[in-house]
Amino acid sequence: MKFSENWLRELVAIDADRATLVHALTMAGLEVEEVTPLGEHLDGVVVAEIVEAVKHPEADRLQVCKVDAGQGEFLQIVCGAPNARVGIRVPLAKVGAKLPGNIDIKAAKLRGVDSFGMLCSAKELLIDADASGLLELPADAVIGQPLAEYLGLPDASIELKITPNRPDVLGLNGLAHDVAALFGSRVKTIGSAAAPVTASAARDVRLEAGADAPRYLGRIIEGVDASVSSPLWMAERLRRAGIRPISAIVDITQYVMLELGHPLHAFDNDKLSGAIIVRHAGQGESLKLLDGRDVKLDPSFVVIADEANALALGGIMGGFDSRVTDTTRTVFLEAAHFAPAAIMGRARKLGMHTDASHRYERGVDPALPRRAIERATELLLQIAGGSAGPVTVAERLEDLPSHPPVMLRHARLRRLLGIDVAGSEVTRIFTALGMHVVELADGWEVTPPSSRFDIEREEDLIEEVARIHGYDRIPTHIPAGQIALQSEPEARLSEMALRDQIAARGYFEAVTLSFVNADLLTTWGVDKDWVPLANPLSADLAVMRTSLLPGLIEALRHNRARQQERVRLFEVARSFHATGGAPDEVGRVAVVASGAARAEQWGEPTRPVDFFDLKGDLDALIAHTGEPQRWSVDTQDLPSWLHPGRGARVLRDGQSAGFLGALHPALAKALDLGPDVHVMELALEWILTRRLPSAGPVARFPAVRRDIAVELPEEVSWSAVEAAVRGAIGEVLREIRLFDRYAGKGIDEGRKSLAMGLILQDASRTLTDEDADARVAEAVGALEKTCKARLRG
């Protein structure tokens with residue numbers, strides 16, 4: 001936002017120079033991006049009038065001018081400006097003047113003709129960027145008056161970088177309240193009186209956009225002279241704010257926007273038909289804007305329309321067909337309040353950005369429309385004449401934002417700032433900022449003005465005190481005290497240790513987004529209890545993941561698409577599940593693998609990764625828990641995304657702890673993957689829980705090994721066999737090793753042979769052959785009974 005320093009100083013008394021003002025604004029959170037001095041070093045520059053202009057005898061592009069500078073005799077000036085002509089009043093730099101940029105004005109001869117001074121453009125005087133010709137001054141400019149005095153110079157154009165939470169300072173009136181608080185002064189009231197109503201013409205207004213446009217004010221002003229020029233003081237303030245003056249009516253709406261922070265728009269009333277309707281645009285509805293562009297709209301846009309057509313794009317830009325021109329005689333002036341969400345992003349959708357949209361999408365004071373339309377009416381009657389009709393007001397009070405009071409406690413203020421700010425100073429700050437303050441025994445009850453959308457909680461008030469009191473007045477202290485070290489519980493592995501273990505097995509850690517495409521979860525069949533995002537970054541990131549595997553598989557697909565044939569990834573993170581209240585976050589560890597089981601080498605032939613490779617990785621992780629006997633796998637209740645013949649459910653104490661295996665062929669085809677993709681996902685907390693290690697005596701008695709081979713049905717799992725053997729032998733069984741599996745010749749169809757080694761050891765005595773044989777017999781009996789097995793000879 002740009003503004004004139006002199007304009008600001010007219011609104012609020014500032015007992016400080018420019019450098020102090022700029023520093024104070026920046027330290028208060030209103031960062032000053034640029035300061036452009038205007039009209040400095042203009043001694044010797046006066047208002048002059050060209051009374052004669054003839055062609056230079058030796059140069060086609062030069063003119064010899066006679067100039068009246070109020071000295072009693074005319075000065076001869078050679079000038080090359082294309083707009084130099086008799087009757088205009090322009091700046092004259094007299095001989096002896098020194099212009100900005102160290103330009104000394106001296107008497108000189110140009111192509112043989114004497115010249116005593118220089119007629120100047122705005123750029124040569126550093127008061128504007130226009131260098132197309134001489135700066136033409138109004139006809140009432142006093143000849144001989146110092147130009148700086150006439151234009152109210154010197155001045156400066158100050159540009160602020162306003163954060164999105166402070167739309168109230170996008171108007172000079174709002175900025176003045178901050179300055180008043182910083183320098184202990186008061187803000188001059190602007191446009192407080194209502195304009196006199198001397199006409200009766202009015203238009204009905206209908207609100208049909210709901211909460212998107214809850215307030216609209218309109219007024220007809222008849223008999224205006226739209227051809228008049230804006231007064232110099234207004235045009236100069238607009239220029240110094242970076243706005244080019246256009247015409248009196250348009251300039252007034254721009255001026256009020258800069259002054260109060262509220263956008264307005266003026267229609268040619270004779271081009272309107274019937275009532276004004278504030279509604280949503282129709283699908284595909286078109287509108288020609290002020291800049292000449294035709295835009296196609298949809299129902300997300302709010303338009304201002306009459307009974308026939310859309311007239312303007314609400315909160316963004318007016319329409320071309322209803323614009324004010326020099327022939328306009330009756331104006332319909334509007335001031336409205338739009339909800340920020342109704343304007344946010346709409347201008348960017350059309351590839352544009354306007355001063356109005358910049359303000360409305362951040363939030364404009366809902367109480368300002370009446371004040372803004374009265375101020376604009378006052379200026380319009382003063383500059384362009386006319387008669388004002390009554391203000392038509394349409395509003396939906398229930399949809400206007402409210403501003404409840406906020407409590408601030410003494411103790412909380414002292415604790416967060418680390419200093420004691422006097423209670424009287426706190427009250428002064430809030431009052432200067434336009435807030436209503438009630439002092440209480442333990443603090444303050446503060447009601448923010450309707451313009452301060454950012455004041456919602458106690459911390460917001462503390463921020464106001466800090467920035468106005470001065471951040472540089474808050475001492476810096478190094479935090480003191482001792483940090484208590486927390487020891488890692490021995491009964492739990494750290495997540496970092498788990499990551500190290502998985503990485504040691506050849507996997508690379510991946511970090512995927514917690515947001516995924518809803519269609520992806522549906523493809524996987526894991527779309528139950530998902531958590532949708534209220535404001536997603538994009539449609540592809542609209543829900544929270546319910547499993548780590550869809551994201552990991554997408555990462556695998558990206559790698560394989562880039563010629564990575566062997567991919568092994570893992571992730572330790574959270575999944576999210578809807579519970580009716582706050583989403584439930586579940587820690588998980590997931591791995592995906594595809595390609596060769598081992599990196600290419602000479603020592604063994606290349607083979608694709610299979611189920612047993614992932615089962616080996618699972619066994620390695622389980623071994624670190626110290627209780628592998630609590631873990632098992634089965635093939636019951638497999639999820640739809642897992643291959644029914646090459647997948648398994650992982651159990652801990654009989655409860656499901658995860659799954660592993662190959663992807664279901666249908667899912668692999670849908671994801672454009674081959675059959676070699678294997679995955680595993682486990683509950684993180686259970687894989688991190690481990691048995692505390694305990695020391696025991698070294699065995700004093702030798703172990704005995706017995707090998708047996710049994711034939712049993714193919715569908716009987718190894719976990720069932722292991723459970724039967726352990727249950728039958730008991731504590732004497734130290735270890736069971738499966739070292740062979742066979743199916744084929746000599747074995748009935750549908751059956752298999754498993755060979756295993758039983759390691760037996762008693763802690764109290766040496767086992768005899770008879771003891772070992774008896775234990776083996778018990779194991780064989782249990783297998784025959786529970787697994788339909790028979791001993792092979």
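**The pocket and its lining**

Tutor: The largest pocket is lined by 34 residues, and those nearest its centre are Lys615, Val633, Ser717, Trp718 and Ser719. A pocket here is an open set of points on a 1 Å grid over the protein atoms alone, where a 1.4 Å probe fits, with protein on both sides within 12 Å along at least five of seven lines; lining residues have an atom within 4 Å of a point. The model is predicted, so local features need pLDDT of at least 70 and side-chain atom pairs pLDDT 80 or more, whereas totals for chains, interfaces and linings use all residues. Residues are numbered from 1 along each chain as its sequence is written, and side-chain values use heavy atoms, without hydrogens or water.

At least two lining residues come from each of helix H17 (611-623), strands E34 (631-634) and E35 (642-652), helix H20 (718-729), and strands E39 (733-742) and E40 (751-760). Helices (H or I, at least four residues) and strands (E, at least two) are DSSP runs numbered from the N terminus. H17 gives the largest share of this lining, seven residues. By class, the lining of the largest pocket has 15 nonpolar residues (Ala, Val, Leu, Ile, Met, Phe, Trp, Tyr, Cys, Pro), 10 charged (Asp, Glu, Lys, Arg) and nine polar (the others, Gly among them).

For reference, the second largest pocket has a volume of about 800 Å³. Its 33 lining residues include Gln254, His265, Leu290, Met317 and Gly318, the closest to its centre. H6 supplies the largest share of that lining, four residues.

Technical notes:
Grid points are joined across faces, edges and corners, and a volume is the space filled by probe spheres set on the points.
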